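Please keep the sequence and the structure at hand.

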Amino acid sequence: MASVPLNGLTITRGKEHLSVYRFNTRTATHYFCSLCGIYTHHQMRSDPEKYGFNVACLHNTDINNLGVIPTSYGLNHVSDRPAKNAVKEKANTMPLTREFKETVMELCQNPEYRKALLLEALESYLEGDVTVGNSFLRDYLNATQGFAEVAAEMEMKEAGLRRMVSNKGNATARNLFSLFKLCQRRESINTAEELFRLAG
């Protein structure tokens, strides 16, 4: 992802196919293609006068030719660093106690709560918060006892899936998309757009 001032980005074609979503604080405006689901750009929370955009969506751009690109860690988002760091600290230090597991499993009896977990995970990944996103997905899979089933459908070992969503897990985009697709299907959700719509 890169960023430009609002007047520095122009949609030259296909604007009518863009869908808009606003998460949590509803400050950032995220745009997705309603046909294929890809994230294209968003008006940033940290600086509403700028767009963050998916470089791979730029016309005639081959991301393989961009060379080494500096990156930043999403947990340091200036708009919610204290909250995100608290979640990260919890993810890194909190033991998965019997009480905690039972509470999450009880909450996950509610399909709306399960969908909310998936939405929070997806939002965290989109904002670069890999550790937090993994934590939400891990809670979902633990609470729904879905690790074995989902791992089998992904044609990988359960231990590999657990590593993928661990605190230090760093899944490939292909594996992450496959994982989300399977989790959505378990909740009878056909597309990411439908998941966002359910969130209101």
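Predicted model: local features only at pLDDT ≥ 70, side-chain atom pairs only at ≥ 80, totals over all residues.

Residues are numbered from 1 along each chain as its sequence is written, and side-chain values use heavy atoms, with hydrogens and water left out. Five strands form an open antiparallel sheet. A search of the whole structure finds zero disulfides.

**Sheet layout**

- The strand order is β1-β5-β4-β3-β2. Strands here are DSSP runs (E, at least two residues), numbered from the N terminus.
- β1 (2-5) and β2 (18-21) stand at the edges. Each has a single partner strand, so one side of each lacks a neighbour in the sheet.
- From one strand to the next, the twist averages 25°. Axes are lines fitted to C-alpha atoms, and angles run from 0 to 180 degrees between N-to-C directions.
- Strands of a sheet pair through backbone hydrogen bonds, either parallel or antiparallel. Pairing here requires that DSSP finds at least two bridges between two strands.

**β3 and β4**

- Strand β3 (residues 29-33) runs antiparallel to β4, and four bridges join them.
- Threonine 29 stands opposite glutamine 43 in β4. Tyrosine 31 stands opposite histidine 41 in β4.
- The two strands form a hairpin with five residues between them. Glycine 37, in the turn, has a positive phi of about 90°.

**β4 and β5**

- Strand β5 (residues 50-53) is antiparallel to β4, with three bridges between them.
- Histidine 41 has phenylalanine 53 as its bridge partner in β5.
- Six residues link β4 to β5 in a hairpin.

**Burial of β4**

- Strand β4 spans residues 39-43, and four of its five residues are buried, so the rest of the structure largely encloses it.
- Buried means under 20% relative accessible area, exposed over 50%, and partly exposed in between (1.4 Å probe, protein chains only).

**Cysteines**

- A disulfide is a pair of cysteine sulfur atoms within 2.5 Å.
- Cysteine 36 is exposed, at a relative accessible area of 59%. Cysteine 108 is buried, at 4%.
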